[in-house]
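Hi there,

Here is the structure I said I would pass on to you. Have a look at it first, and then read my notes below.

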Amino acid sequence: MKYIVVLYFCVFSNAIFGTQLKLEFDKKITVAQDGTGDFKTIQSAIDAAETDKGAVEIYIKKGIYKEKLVILSSKSGLKLVGENKENTIITNDDYSGKPNPNSNRNFGTSDSYTLLVRADDVQIENVTIENSWCEKGQAVSLHVKGNRFIIRNSRILGCQDTLLTDGDGAYQYYQNCYIEGTTDFIFGPATAVIENCIIKSKKDSYITAASTPENLEFGYVFFNCVLTADANVTKVFLGRPWRPFAKTVFLGCNLGSHILPEGWNPWKDERFPDKDKTAFYAEYNNKGKGAKTNKRVAWSHQLSKAEAAKYTLKNIFPKGDFWKTIR
């Protein structure tokens, strides 16, 4: 296989801090189903990427790729770039309870993914990641365990449990994406910033189900997102705590009329009956028909200007580390 050696610069504008960072990619591999690239499948390109010799970009030409992808932990620094997010589609249809052909057990929620990212410092742009199994149980589209993960200008499609932000202490960044689903369709323990994204609810249910570890200051932080829904959807909670110390904050977002006046659900169960006493759910400067706060549950918070000021990328992500790479 012939690799095309390039010097690839990604310059990210920095609206908040006014600085720039250039990331270099040593190799570019092309995937094309018609045989005009280096590989016909995405997984074969991932497997061939020699990231131990430098960062590698995999450019994916438009097409529908029916694959179940894994980016192993040894592939740190890998970047996937689609030709067009509407026409570069990675899709699969595994779900919790489906027989696993490679095992003597069924798939569970966490391994029902279409794409699993185990490696650190992975970036994704301009693709659709889809789990087409819908309305019949848990089926993950994107499962991220790696640290310092970035996805931009992409679509993450599914129903229940669409996006699993995994990895205790992992940092993840979602920008200008479209994320849709039904029950708990953004869930997990990672610290994740979701910025300038469209979040669409496909039925009456819950958007988030964070399981933030107790020792972490930040869980989910939504900046300037638009929360929308299908026409028949009228009763959606912003979130419920999967674990007792769940943390979720919406700042500067447009909340549609489908958001319930109480905003949040305590998800009481026998194991954790008092999660409303330990979870931290908050809002600041939101707008839209669902942003009225006079009927929010008493255990949620409306941040003051001073409290909201700590929610910056520089504070949320490690100082001098990941936050610099995303602007």
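Threonine 208 sits in strand S20, which covers residues 206-210; helices (H or I, at least four residues) and strands (E, at least two) are DSSP runs, numbered from the N terminus. Please keep in mind that this is a predicted model, in which local features need pLDDT of at least 70, side-chain atom pairs count only at pLDDT 80 or more, and totals for chains, interfaces and linings use all residues. Residues are numbered from 1 along each chain as its sequence is written, and side-chain values use heavy atoms, with hydrogens and water left out.

Back to threonine 208: the residue is buried, with a relative accessible area of 0%. Here buried means under 20% relative accessible area, exposed means over 50%, and partly exposed lies in between (1.4 Å probe, protein chains only). A polar atom of the threonine 208 side chain lies 2.9 Å from the backbone oxygen of leucine 238. Contact means heavy atoms within 4.5 Å. Not counting residues up to four places away in sequence, threonine 208 touches Asp184, Ile186, Tyr220, Phe222, Leu238, Gly239, Arg240 and Thr248.

Serine 211 is in the loop between S20 and strand S21 (220-223). Serine 211 is buried too, at a relative accessible area of 11%. Leaving aside neighbours within four places in sequence, its contacts are Gly188, Pro189, Trp242 and Arg243.

Next, the cysteines. A disulfide is a covalent bond between the sulfur atoms of two cysteines; the rule used here is a pair of cysteine sulfur atoms within 2.5 Å. How many disulfides does this rule give? The count comes to 1. The pair is cysteine 134 and cysteine 159, with sulfur atoms 1.5 Å apart. The torsion about their S-S bond is about 60°, so the disulfide is right-handed. Cysteine 134 lies in the loop between strand S10 (128-131) and strand S11 (142-144), and cysteine 159 in the loop between strand S13 (155-157) and strand S14 (163-165), so the bond ties together parts that are 25 residues apart in sequence. Cysteine 134 is partly exposed, at 24% relative accessibility, whereas cysteine 159 is buried, at 2%.

Cysteine 197 is accordingly in no disulfide. Cysteine 177 is buried at 3% relative accessibility, and cysteine 197 is buried at 1%.

On to the sheets. Strands of a sheet pair through backbone hydrogen bonds, either parallel or antiparallel. Two strands are taken to pair if DSSP finds at least two bridges between them. An open sheet is formed by 8 strands in the order S4-S7-S10-S13-S16-S19-S22-S25, with parallel pairing. Its edge strands are S4 (63-66) and S25 (254-255), each of which pairs on one side only.

- S13 and S16 (residues 178-181) pair in the parallel sense over 2 bridges, and arginine 155 stands opposite tyrosine 178.
- S16 and S19 (residues 198-201) are parallel and share 4 bridges; glycine 181 stands opposite serine 201.
- S22 (residues 226-229) is joined to S25 by 2 bridges and runs parallel to S25, with leucine 227 partnered by leucine 255.
- S24 (residues 247-251) and S26 (residues 280-284) run parallel and are joined by 5 bridges; the partner of threonine 248 in S26 is tyrosine 281.
- S26 and S27 (residues 301-302) run parallel with 2 bridges, and alanine 282 has histidine 301 as its bridge partner.

Finally, the interior. A nonpolar core is a set of buried Ala, Val, Leu, Ile, Met, Phe, Trp, Tyr and Cys residues joined through side-chain atoms within 4.5 Å. Which residues of the largest core touch the most other members? Among its 58 residues they are Leu142, Tyr174, Ile186 and Ile199. Not counting residues up to four places away in sequence, the contacts of tyrosine 174 include Leu142, Val144, Phe149, Ile151 and Cys197. A second, separate core has 17 residues, including Ile150, Val221, Phe223 and Leu303.

Best wishes

Definitions and conventions
A polar contact is a pair of N or O atoms within 3.5 Å; within protein, one must be able to donate a hydrogen and the other to accept it, and residues adjacent in sequence count only if both atoms are side-chain atoms.
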